Amino acid sequence: MNKVKTTSEKSLASNSRIVVLLTQLEKINSESLLVEADTARYVTSKILHLAQSQEKTRKEMTAKGSTGVEVILSTLENTRDLQTTLNILSILIELVSVGGGRRACILVSKGGTQILLQLLLGASKDSPPNEELMVQLHSLLAKIGPKGNHSRDKKFGVKARINGALNISLNLVKQNLQNHRLILPCLQVLRVYSTNSVNAVSLGKNGVVELMFKIIGPFSKKNTGLMKVALDTLAALLKSKTNARRAVDRGYVQVLLTIYVDWHRHDSRHRHMLIRKGILQCIKSVTNIKLGRKAFIDANGMKILYNTSQDCLAVRTLDPLVNTSSLIMRKCFPKNRLPLPTIKSAFHFQLPVIPTSGPVAQLYSLPPEVDDVVDESDDNDDIETETETENENEDDKDQHFKNDDIETDIDKLKPKQELGRPIEELKIYEQFFPELAENFQEYDLVSKEPKPFASATNLGGPIVVPTAGEEHPAEANQSVKGIAVKDHSSLQMEEYNKRPSFLDLPKKDHNKDSLQLQNDQKKLLSSCQCLSQEIVKGLDRITLQNTSKSEQYYSTGCLIKKESKTSLTTPACNKPCQHVSSCGSGLFEGPSVQLGKLCCTGVDPDEEEDSSSHSSGEQVLLEVPDMLPLHNPDLYIEIVKNTKSVPEYSEVAYPDYFGHIPPPFKEPILERPYGVQRTKIAQDIERLIHQNDIVDRVIYDLDNSSCSVPEEGDILKFNSKFESGNLRKVIQIRKNEYDLILNSDINSNHYHQWFYFEVSGMKTGIGYRFNIINCEKSNSQFNYGMQPLMYSVQEALNARPWWGRVGTDICYYKNHFSRSSIAAGGQKGKSYYTITFTVSFPHKDDVCYFAYHYPYTYSTLKMHLQKLESMHNPQQIYFREDVLCETLAGNSCPLVTITAMPESNYYEHVCQFRNRPYVFLSARVHPGETNASWVMKGTLEYLMSSSPAAQSLRESYIFKIVPMLNPDGVINGNHRCSLSGEDLNRQWQNPNLDLHPTIYHAKGLLQYMATIKRLPLVFCDYHGHSRKKNVFMYGCSIKETMWHTDVSAASCDVIEDLGYRALPKILSQTAPAFCMSSCSFVVEKSKESTARVVVWREIGVQRSYTMESTLCGCDQGKYKGLQIGTRELEEMGAKFCVGLLRLKRLTSPLEHNLPSSLLDIENELIESSCKVTSFSPHSSLMGKCPPTFGICRQSSAVSGGCKSDPCPSTQADRLSVFNKC
Ligand SMILES: [Zn+2]
């Protein structure tokens, strides 16, 4: 057809034939009975002819403004002539057959449904009803009911029921079972009716289920169209529980399975996939009820669907069958209980006080005889309708916040005026602020170095911060220096070489037990130390002389042999040495500190090939520049001895002992291969189908101390009896497959996510499958490219001491272990989730460790702090490590103070020193978020570094840092809680001195700072995020919270300073992992007792943040597509500091002054520090915008429009203006 012509025809529409005909028809309608039926017949048949032959006509009749449909419908309503009626029905069918749902919608909007249903009702009174009329009517009705996403007539089913039309179609089918031409459209209408649950029940009562089974009968290639519709109808009908029960009672589950197998066998060329899928849909519906699942199992459904889907795997087009089968099998898989005596933690810690309410109180009040592992969860019929598909690549649905979680009560957002504790009580915190009283008269501070302020004058220039990226040009010639902090390498080197020896360390006071322990340790260490230190020395040598090609010897006789070509360093035994020949285990065992079970008998001959496949071997050695300046194995052991764990751990994990350096290669986010989930699920189902293949042997069990590991060569050995370890039980399922159960957080019965355990006794060339079967979160980044971490001791000895991302076939999915409602917040019918991964080990008889994320123990922190202290230049850096308090288990919670020493002990300099604004940082309130500790390490190292920027940062602020708010949780391998079984980051509103001492005192510090008018400029609590990528911040803003609610009037009165956006904005410009668009400044109800919200609202710190780092990786910026590593995390910590320096420049007029006029500066500093304290929401709310925020005040005024301007991007734009000031 010629397009030009069509257009010109359109313009002549008024003269077109159809318009003429319609006008005629209209006339006939108005004259009604006066006209011969022939005329109407003639006109409608002409219209039909045009409608059938020309799209143009159909378009015209349904065009906007056209009354075509109305005229037609009106004729339909009025005519008594059968032929005219049939003509009109045909016309309407023509009209709605094309054009998507739009034309059907027009028909509906003109009242078509009602007219057609009335017509149906009238026609049904004839006996027998006219077949042609019924066929046409049903064909048309089937097209106007709701279908898919098109909202034709949403109320169609209801209208039909009200008009009494349901049974007309049903009876027609019943009475004309052999008349396929008639029953096909009737079934199509029934299919639409059945999607309404009331209709489904009503139809069910009248025998529709039985009727459908008469139609779907045995396999036959005749009438497949009919079969398909009947199956769809049945699947919809069986969603009603009543109908499903009816089907089960009549034995139809068995029938459906038989029919399915029938089709599976006969449909060898897969031409009837839709029919096969239809049958599965019916089974899926009927198994929503418990009776249905039982009938399915009784009818051997598991085996049938398992076998048929195995046959289908090879044909990609049959994927829908495999996926639906998989879904049904998972649903019907008999629910198991976790193989545990109780889900309460395997370790118990008696609390000094039991909380009066909440989960811990419940836990304590539970009678001992109650079986908490499982309850009647399985009785629940309401299986959630799962729509899981294989390619679940859409991002998490829960965005920043859930809407109903947003705080809408303005009074809860407005700052609280009075402080919680009386001033006299807060006085105890004075001791933590000696810097405010120090006059430095004892110090010899006459600086011979360039004046610190000289570097401060350079502030305007670019700040060079080491980046984590390997492509950084500066990196290449800095191979000897540290990675995160490169400027003080010489100091580090020096310090590293004269690192404190084991015996030099001052011993702490011990009670009897620990004295005894110490004696034992001495005995043991005399032997153990020997090897471990030798290994470490060997390792030291490897890292220190990294590229040396000469042979390196352990002094005990173990040598590290270097293959000149491959640059392999392979530990091998030169002469028999006692500790080594026993393969390690005897050597390290005992009541004291132990170090794993390393076998030092050398590397398998065929291993060498394996190892040499690390093509980057040479490069690796070259690029292992980091001396791990903060790491010292001996010191680590010494610290571990003073670390108090509930299980009284006496072993040390190798990775914590050796230390970790980031690997010198990129680790991309894993691409998920097709079909992983269903393969894994099929393997799980095989446990039921091929029960004889299942070993089911417990090989590790905290609940049963007599559980012994069979000394068979084929079985892996597991262990996690070391700091932060949390493996509870391991069951060998098949030869190379293990189910692992994590321990609950102490004094709780859930929170399983973090894991850290040791594996040994492996062989090479085998893919071992690990399943952690008691995970709880409904989704995980493991489904989006994240891999678990592994540390190989052999690799460490080969100069590759790092945690690396490993594992293939990674998948996170709901499993068949039911979760007790006691641990699911009262919700019944919940299941646990499995994280599964498969690993091939690089070395035989290695000792390897697996972790959820890069471990960072409490002892590691203590070691890092000691090293930082011992390495710092006391002339330049003011560093203090205080004990904020003791934890419940008696571990100390460190509080670190860092700032620059005053330039001299002159009054002016001391004043400048004392008046620096504070920055308060904390981390690791959640033990499983180890990434937070790595970010904190980056921050601490940067703050202690000798770079000019770090120096000016120290000169700008006093840093108060609580690097680990939850030491007990970290030590004991908890994921979320402290020993009180509670999430400490939900206790900030009312911390209990006895139960939450670290929070109580951290808050006390802040309250004290508020009373002395020295509120921190910035508060930030470092966290990890398990579901999102990148690094981002949560802050607090009344306005942004209000934008998400309907309460607009109240918030419009609030004048809010936009300063809270500055730091995240700066970070998004400077830190490559940081992502502004993931930030949120909304205050949620569920977060009202978090550090961020309480410090903002109660203490009054405007810039109060949570900084969340991904556990997975980045999807933007320089690290896009890469998994996150400790290098990037530490860089983030350093960049955070740099961001603070920029913030300083924005918030202080200081930079404009030259250091020459120190007195003036000092005055200004005092002023500015006062201003700093006034940047709180208290003052902002009262409309007193700090003078330094001229632009900000302006923007507040602009955004006073509130709802009319809720776009954060415009805010960001404003901020960029703001940044320039
Ligand atoms: Zn957290």
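Predicted model: local features only at pLDDT ≥ 70, side-chain atom pairs only at ≥ 80, totals over all residues.
Residues are numbered from 1 along each chain as its sequence is written, and side-chain values use heavy atoms, with hydrogens and water left out.

**Glu 1108**
- An unreviewed UniProt entry lists Glu 1108 under "active site"; such annotations may be inferred rather than shown by experiment, with positions given in the numbering used here and feature names shortened.
- Glu 1108 sits in strand S23, residues 1103-1110 (strands are DSSP runs of E, at least two residues, and helices are runs of H or I, at least four, both numbered from the N terminus).
- With a relative accessible area of 8%, Glu 1108 is buried (under 20% is buried, over 50% exposed, and in between partly exposed, using a 1.4 Å probe and protein chains only).

**The zinc ion**
- His 926 (ND1), Glu 929 (OE), Glu 929 (OE) and His 1023 (ND1) are the protein donors, lying 2.1 to 2.3 Å from the zinc ion.
- Donors are N, O and S atoms within 2.8 Å of the metal (3.2 Å for Na, K and Ca), and water is not among the atoms, so sites may look incomplete.
- The donor residues follow the spacing H-x2-E-x93-H in sequence.
- The zinc site is irregular, with angles of 59 to 153° among its 4 donor atoms.
- Four donors count as tetrahedral if all angles lie between 85 and 135 degrees; four count as square planar and six as octahedral if opposite donors are over 155 degrees apart and all others between 65 and 115; anything else is irregular.
- His 926 is buried at 2% relative accessibility, and Glu 929 is buried too, at 9%.

**Thr 84**
- Thr 84 belongs to helix H6, residues 82-97, and is buried, with a relative accessible area of 0%.
- Beyond its neighbours within four places in sequence, Thr 84 is in contact with Ala 37, Ala 40, Arg 41, Thr 44, Thr 75 and Thr 79.

**The whole chain**
- The protein chain has 51 helices and 23 strands.
- Of its 1221 residues, 59% are buried.
- Among contacts in the chain with a separation of 6 or more, 78% join residues 24 or more positions apart.

Terms used
Contact = heavy atoms within 4.5 Å.
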